[in-house]
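Please look over the structure shown here. A short briefing follows, grouped by topic.

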Amino acid sequence: GFSVVSVLTGVFIQETFKVATTDDRVMMMSKERQRKVHAKKMAILFTAADEDGDGFIDLGEFRRALADTELRTWLSAMELDVRDETAFFTLLDLDGDGRISYSELLEGVAQLKGGARSEQ
């Protein structure tokens, strides 16, 4: 009796570890997929906002892009506070040169979204 219980317990524990390992892989794949979707969305935003095509968004371009209520709603849905356009721009302008590159937009929004989640 006891040896049967021990074997069943061992099998149960082994199967539990298999599921846990699979769950970690699924979680990592899901995070990577989310990162790729985020990058695509930021690329679309960046291309639309970079009016002169110089590879950067200046404050004027940023403000004109945020004049679009659909964009503001989309950013708000991502829990990004865009009420103060200048402050939001400054948070995204990671190197402080007065313009936002694609990589700054991508990294800055990811940091701000992460910060919004960790504060809750």
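Among contacts in the chain between residues at least 6 apart in sequence, 51% join residues at least 24 apart; a contact means heavy atoms within 4.5 Å. The model is predicted: local features need pLDDT of at least 70, side-chain atom pairs count only at pLDDT 80 or more, and totals for chains, interfaces and linings use all residues. Residues are numbered from 1 along each chain as its sequence is written, and side-chain values use heavy atoms, with hydrogens and water left out.

**Fold and dimensions**

- The chain contains 5 helices and 2 strands, in the order α-β-α-α-α-β-α along the sequence. Helices (H or I, at least four residues) and strands (E, at least two) are DSSP runs, numbered from the N terminus.
- The radius of gyration of the chain is 22 Å, whereas a compact globule of 120 residues would have one near 14 Å. The radius is taken over C-alpha atoms, and the globule rule is 2.2 Å times the number of residues to the power 0.38.
- Along the principal axes, the C-alpha atoms of the chain fill a box of roughly 75 × 30 × 25 Å.

- Of the 120 residues of the chain, 24% count as buried. Buried means under 20% relative accessible area, exposed over 50%, and partly exposed in between (1.4 Å probe, protein chains only).

**Aromatic rings**

- The structure holds 3 aromatic pairs. Rings of Phe, Tyr and Trp (its six-membered ring) pair if their centres lie within 6.5 Å; planes under 30 degrees apart count as stacked, over 60 as edge-to-face and the rest as tilted.
- The pair of Phe-62 and Phe-88 is tilted, because the ring centres are 5.7 Å apart and the planes stand at 35 degrees. This pair links distant parts of the chain, with Phe-62 in helix H2 (residues 59-66) and Phe-88 in helix H4 (residues 85-92), 26 residues apart.
- Phe-62 is buried, with a relative accessible area of 7%, and Phe-88 is buried, with 3%.
- Phe-62 and Phe-89 form an edge-to-face pair, because their ring centres are 5.3 Å apart and their planes are at 65 degrees. Phe-62 in helix H2 and Phe-89 in helix H4 are 27 residues apart, and both are buried.
- Ring pairs link Phe-62, Phe-88 and Phe-89 into a cluster.
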